[in-house]
Amino acid sequence: MIDLHTHSTASDGTLSPSRLVQLAAKSKLDAVALTDHDTLSGLQEALDAGRECNIEVIPGCELSVGAGSQSMHLVGLWTAPGSPALTRSFEFVLKARAERNVKIVAKLKKLGIDISLEEVAAKAGGTVGRPHIAQVLVEKGAVPTLGQAFSEFVGNHGSAYVPRIRLSPQEALTALKEDGATSILAHPALLGLKYHQLKETLVELKALGLDGLEVYYTDHSPRTMDLL
């Protein structure tokens, strides 16, 4: 058994890279890939833990990309921990995300919520994003659940939503290819496309260098997995 799509506290996961690898070994997995959002910072710790636990750790990442109004995630596998191409891409993404976080917090303050960037950053072991803002909203009692924090405030239709600047699919796939990584379209069913639209998107992405797609995913139904 393997798991090729996991996140640690280097982005929006709940376990440190080493603890995640230890749990994978304890669960008798043969291999696990660490694919944190827009960062490579947890890879070395995960690789070191893999050697200690005698489990194969595949270094990876997950890039958030956009094409017009459509957004998608691309997983890169067998990345280099210090990849120059991916590092440049992440610097662009992280700068845009930091600017977005400032705007979201400012909107929340205008809505009467006492929240600061410092409180949000304290929730993140690495990349700061909307999940960490949602955690603070729950802790402050602004909403009872993380889901409600997204639906009411920071989600795509929330009152404090701010559009995000993303890499294009071509930019992301070029960076992954330059690094020698294998590129995978993550959870394709979550794109909300009809089957023929998804096929068209896959053809376009394959022409740009996409290597594969994620079939087995928690939110994919058995029927969806059969279709994929």
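## Reading salt bridges, cores and helix faces

Mentor: Start with lysine 177. Its salt bridge partner is aspartate 211, and the closest N and O atoms are 2.6 Å apart. Keep in mind that this is a predicted model.

Trainee: Which parts of the chain does that pair tie together?

Mentor: First, the general idea. Side chains of opposite charge can pair when their charged atoms come close. Now the case here. Lysine 177 sits in helix 7 and aspartate 211 in the loop between helix 8 and strand 6, so the pair ties together parts 34 residues apart in sequence.

Trainee: Is lysine 177 exposed, partly exposed or buried?

Mentor: Lysine 177 counts as partly exposed, because its relative accessibility is 36%. Aspartate 211 is partly exposed too, at 44%.

Trainee: How many salt bridges are there in the whole structure?

Mentor: Seven. Take another one: aspartate 38 and arginine 97 meet at 2.8 Å, N to O. Aspartate 38 is in the loop between strand 2 and helix 2, while arginine 97 is in helix 3, 59 residues apart. Both aspartate 38 and arginine 97 are buried. They also belong to a network of salt bridges with Arg164.

Trainee: What is the nearest side chain of opposite charge to glutamate 62?

Mentor: Arginine 97, but it is 9.3 Å away. Glutamate 62 is buried and has no salt bridge. Look instead at histidine 73. The side chains of glutamate 62 and histidine 73 make a polar contact at 3.0 Å. Glutamate 62 is in strand 3.

Trainee: Now the nonpolar residues. Which members of the largest nonpolar core touch the most other members?

Mentor: The general idea comes first. In soluble globular proteins, nonpolar side chains tend to be buried together. Here the largest nonpolar core has 33 residues, and Leu63, Leu86 and Leu185 touch the most other members. A second, separate core has 16 residues, including Ile113 and Val136. Back to leucine 86: beyond its close neighbours in sequence, its contacts include Leu40, Cys61, Leu63 and Ala175.

Trainee: How do I read a helix? Which residues of helix 2 are buried?

Mentor: An α-helix has 3.6 residues a turn, so residues three or four places apart point the same way. In helix 2, the buried residues are Leu43, Ala46, Leu47, Ala49 and Gly50. Seen down the axis, they fall within an arc of 165°, so they line one face of helix 2.

Trainee: Which exposed residues does the face turned away carry?

Mentor: Arg51 and Glu52. Then look just after helix 2: asparagine 54 takes a positive phi of about 60°.

Conventions:
Residues are numbered from 1 along each chain as its sequence is written. This is a predicted model: local features need pLDDT of at least 70, side-chain atom pairs count only at pLDDT 80 or more; totals for chains, interfaces and linings use all residues. Side-chain values use heavy atoms; hydrogens and water are left out. A nonpolar core is a set of buried Ala, Val, Leu, Ile, Met, Phe, Trp, Tyr and Cys residues joined through side-chain atoms within 4.5 Å. Buried means under 20% relative accessible area, exposed over 50%, partly exposed in between (1.4 Å probe, protein chains only). Contact means heavy atoms within 4.5 Å. Helices (H or I, at least four residues) and strands (E, at least two) are DSSP runs, numbered from the N terminus. Lys and Arg count as positive and Asp and Glu as negative; His and the chain ends are not counted. A salt bridge is a side-chain nitrogen of Lys or Arg within 4 Å of a carboxyl oxygen of Asp or Glu. A polar contact is a pair of N or O atoms within 3.5 Å; within protein, one must be able to donate a hydrogen and the other to accept it, and residues adjacent in sequence count only if both atoms are side-chain atoms. The arc is that of the directions from the helix axis to the C-beta atoms.
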